[in-house]
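Here's a quick walk through a metal site and a couple of spots around it. Have the sequence and the 3D view open as you read.

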Amino acid sequence: MLYLKTDEEIELLRESNLLVSKTLAEIARHIQPGITTLYLDEIAETFIRDNSAVPAFKGYNGFPKTLCTSVNDEVVHGIPSRYYLKEGDIVSVDCGVILNGWYGDGAYTFAVGEIREEVKKLIEFTKASLNEGVKEAVAGNRVGDVSYAVQSKAESGGFSVVRELVGHGLGKRLHEPPEVPNFGRKGTGPKMSKGLIICIEPMINLGRRETVQSRDGWTIRTADGKPSAHFEYAVAVKKEKADVLTTFDFVEEVLNKM
Ligand code: MG
Ligand code: MG
């Protein structure tokens, strides 16, 4: 059962995801060596509450914080902590909000200062794989078309795709059907219709695809200890062209001025 949203509901989801986009831009202003991920979390929580919303992840299945901050070999679900970001790190910041009862969910991987060329390329390919997936999120296509597009782009750069975690539907709940894997075959999976909202969120590894769960019960890491990148958009499936509800424009405007 897939929940299809009306145009009015999509506008409400757009507002929620716009707030996520703006929260990520607030984070972008503060990304630098010497800042803790806990500090980033405080900035996000304050900004979200100041905008009449609530953090969606805080308390979700017991998750303790507003953001997921996943550094270097952490793939996703890292818990903000007293860890000080240092030159050469990358950090995936995943942010969820509830505004007017509707969820926003989006993620961006930031570079801290100068990073290695191969890690730069990992980030570029992860973002590009997301954009390839978006192109397939049109009515009449199947979820596997999105999955295949993401996987093909990521693997064309020599990178590997995490299998254990996937994208998802979004609406009045953070995770709705369908699952949206970042790997798969064309023409397989549920058929997408106008009004379906999906989060496409490639998690792409520099090395091997296998992951392990940390002892904190949340953080997922790469098994080989090599870096992983993660980007996420919420997307409304439409007839001709996907309608992306998240934007990285605010983030990149900030980053380009730094
Ligand atoms: Mg997310
Ligand atoms: Mg998500």
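This is a predicted model: local features need pLDDT of at least 70, side-chain atom pairs count only at pLDDT 80 or more; totals for chains, interfaces and linings use all residues.

Residues are numbered from 1 along each chain as its sequence is written, chains are lettered from A and ligands numbered from 1 in the order in which they are written, and side-chain values use heavy atoms, with hydrogens and water left out.

**The metal pair**

Let's start with who holds what. Donors here are N, O and S atoms within 2.8 Å of the metal (3.2 Å for Na, K and Ca); water is not among the atoms, so sites may look incomplete.

| Ion | Protein donors | Distance | Spacing along the chain |
|---|---|---|---|
| magnesium ion (ligand 1) | D94 (OD), D94 (OD), D105 (OD), E232 (OE) | 2.0 to 2.5 Å | D-x10-D-x126-E |
| magnesium ion (ligand 2) | D105 (OD), H168 (NE2), E201 (OE), E232 (OE) | 2.1 to 2.3 Å | D-x62-H-x32-E-x30-E |

How far apart are the magnesium ion (ligand 1) and the magnesium ion (ligand 2)? They lie 3.1 Å apart, with D105 bridging them. D94 sits in strand 4 (residues 90–99) and D105 in strand 5, so this pair ties together parts 11 residues apart in sequence. Strands (E, at least two residues) and helices (H or I, at least four) are DSSP runs, numbered from the N terminus.

On ligand 2, D105 and the magnesium ion (ligand 1) come up again: D105 coordinates both ions.

**Helix 3**

Helix 3 (residues 117–135) has 19 residues and reaches 27 Å from its first C-alpha to its last, close to the 27 Å expected at 1.5 Å a residue. That expected span is 1.5 Å times one less than the number of residues. Among its buried residues are V119, L122, I123 and T126.

**A buried lysine**

K5 is in the segment before helix 1 (7–30), and is buried at 9% relative accessible area. A polar atom of its side chain lies 3.3 Å from the backbone oxygen of Y3. Leaving out residues up to four places away in sequence, K5 touches residues including W102, E176 and I197, where contact means heavy atoms within 4.5 Å.

Notes
Buried means under 20% relative accessible area, exposed over 50%, partly exposed in between (1.4 Å probe, protein chains only). A polar contact is a pair of N or O atoms within 3.5 Å; within protein, one must be able to donate a hydrogen and the other to accept it, and residues adjacent in sequence count only if both atoms are side-chain atoms.
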